[in-house]
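Please read the report below alongside the sequence and the three-dimensional model.

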Amino acid sequence: MSIKVALAGAGAFGIKHLDAIKLIDGVEVVSLVSRELAKTQEVADKYGIAHVTTDLAESLKIKAVDAVILCTPTQMHASQTMACLEAGKHVQVEIPLCDVLKDGQQVVAAAKASGKVAMCGHTRRFNPSHQWVRRRILANEFHVQQMNVQTYFFRRTNMNALGQPRSWTDHLLWHHAAHTVDLFAYQTQSRIVKANAVQGPIHPTLGIAMDMSIQLLTESGAICTLSLSFNNDGPLGTFFRYIGDTGTFVARYDDLVDGKEQPIDVSKVAVSMNGIELQDREFFSAIVEGREPNASIAQVLPCYEVLHQLEQQLG
């Protein structure tokens with residue numbers, strides 16, 4: 001495998017991808033794109049990346065670049081994904097694919113026409129904890145009856161995961177709910193047929209709801225309750241409780257316990273315990289093998305159709 005990559009977005013999540021790619025043989029980041037040149041150069045120096053720019057179009061002109069990973073602000077995802085495809089590059093865009101449904105639909109059409117690998121960073125599909133549950137589902141040993149999910153942050157100012165000021169505003173629905181909506185349909189292997197949402201007050205300066213509650217129902221009859229908050233001053237992160245016919249499991253990122261809090265060993269599920277690394281490995285393997293990746297843009301579009309329905313309810 002020999003793949004040269006341009007990575008756009010040298011913030012908290014971009015660095016997660018840079019760390020992951022260092023562990024993957026035959027893949028090299030040759031161009032780094034981000035908003036502030038000096039900070040971008042600093043990251044590039046640390047990771048040995050030769051080319052630095054503030055303009056994605058400049059990176060897309062580099063013939064040696066085979067693929068692009070986009071870790072840029074949500075509002076840029078759809079248009080930048082289109083630009084990558086138009087430039088003849090494979091592309092992985094971080095979650096969410098879009099924050100306007102019609103933009104996501106256009107990207108799916110463009111990806112199909114391009115013949116390139118186009119993937120969205122729905123990391124929960126790749127976390128070893130969720131993969132372990134998935135294997136039991138596929139083996140017909142476990143069926144999801146209910147998922148109860150808590151996505152909690154303490155983010156009353158516009159900061160990223162590194163505690164640095166953001167140039168854009170995060171969103172509970174289009175970003176954080178996307179993880180659960182997609183995972184719920186993926187694990188139940190069933191289409192979401194009913195979705196309800198309510199939200200708390202809009203923050204006076206951030207302009208977004210800081211609290212949200214979502215209910216989902218699949219065609220198979222499984223239900224999901226999702227609680228999201230930027231107001232939570234306590235344990236942070238996302239916690240997934242799977243309630244099924246043969247057990248209960250609680251996934252916390254790459255860790256898994258049963259309903260009695262007994263740890264489950266997921267270390268042998270995949271070649272790594274790092275969900276981002278596994279996500280990137282899938283992207284590069286799909287390129288080499290010329291196949292559709294897990295979490296392709298086409299596969300995750302139904303998630304954004306549900307988010308669009310919920311947005312209409314919330315007004």
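This is a predicted model: local features need pLDDT of at least 70, side-chain atom pairs count only at pLDDT 80 or more; totals for chains, interfaces and linings use all residues.

## Nonpolar core

The largest nonpolar core has 99 residues, and those with the most contacts inside it are Ile-214, Tyr-242, Phe-284, Tyr-304 and Leu-307. Helix α7, which spans residues 172-188, gives the most to this core, contributing nine residues. In soluble globular proteins, nonpolar side chains tend to be buried together.

Once its neighbours within four places in sequence are left aside, Leu-307 is in contact with Leu-173, Trp-174, Ala-177, Ala-178 and Val-181.

## Aromatic pairs

How many aromatic pairs does the structure hold? There are five aromatic pairs in the structure, and one of them joins Trp-132 to Phe-249 in an edge-to-face arrangement, with 5.1 Å centre to centre and 70 degrees between the planes. Trp-132 lies in helix α6 (residues 128-138) and Phe-249 in strand β12 (residues 248-252), so this pair ties together parts that are 117 residues apart in sequence. Phe-249 counts as buried, because its relative accessibility is 6%, and the cut-off for that class is under 20%.

Another aromatic pair is formed by Phe-283 and Phe-284, whose rings are tilted, at 5.3 Å centre to centre and with 45 degrees between the planes. Both Phe-283 and Phe-284 are buried, and Phe-284 is also among the residues with the most contacts inside the largest nonpolar core.

## Ring cluster and a charge over a ring

Ring pairs link Trp-132, Phe-142 and Phe-249 into a cluster, so that the edge-to-face pair of Trp-132 and Phe-249 belongs to a group that also includes Phe-142.

A contact of another kind involves Arg-134, which lies over the face of Tyr-186, at 3.8 Å from the ring centre.

## Cysteines

A disulfide is a covalent bond between the sulfur atoms of two cysteines.

Cys-71 is buried, with a relative accessible area of 13%. For Cys-98, the closest cysteine sulfur is likewise in Cys-120, at 8.3 Å, and this too is too far for a bond. Cys-98 counts as buried, at 1% relative accessibility.

Key: Residues are numbered from 1 along each chain as its sequence is written. Side-chain values use heavy atoms; hydrogens and water are left out. A nonpolar core is a set of buried Ala, Val, Leu, Ile, Met, Phe, Trp, Tyr and Cys residues joined through side-chain atoms within 4.5 Å. Buried means under 20% relative accessible area, exposed over 50%, partly exposed in between (1.4 Å probe, protein chains only). Helices (H or I, at least four residues) and strands (E, at least two) are DSSP runs, numbered from the N terminus. Contact means heavy atoms within 4.5 Å. Rings of Phe, Tyr and Trp (its six-membered ring) pair if their centres lie within 6.5 Å; planes under 30 degrees apart count as stacked, over 60 as edge-to-face and the rest as tilted. A charge sits over a ring if NZ of Lys or CZ of Arg is within 6 Å of the ring centre and within 35 degrees of the ring normal. A disulfide is a pair of cysteine sulfur atoms within 2.5 Å.
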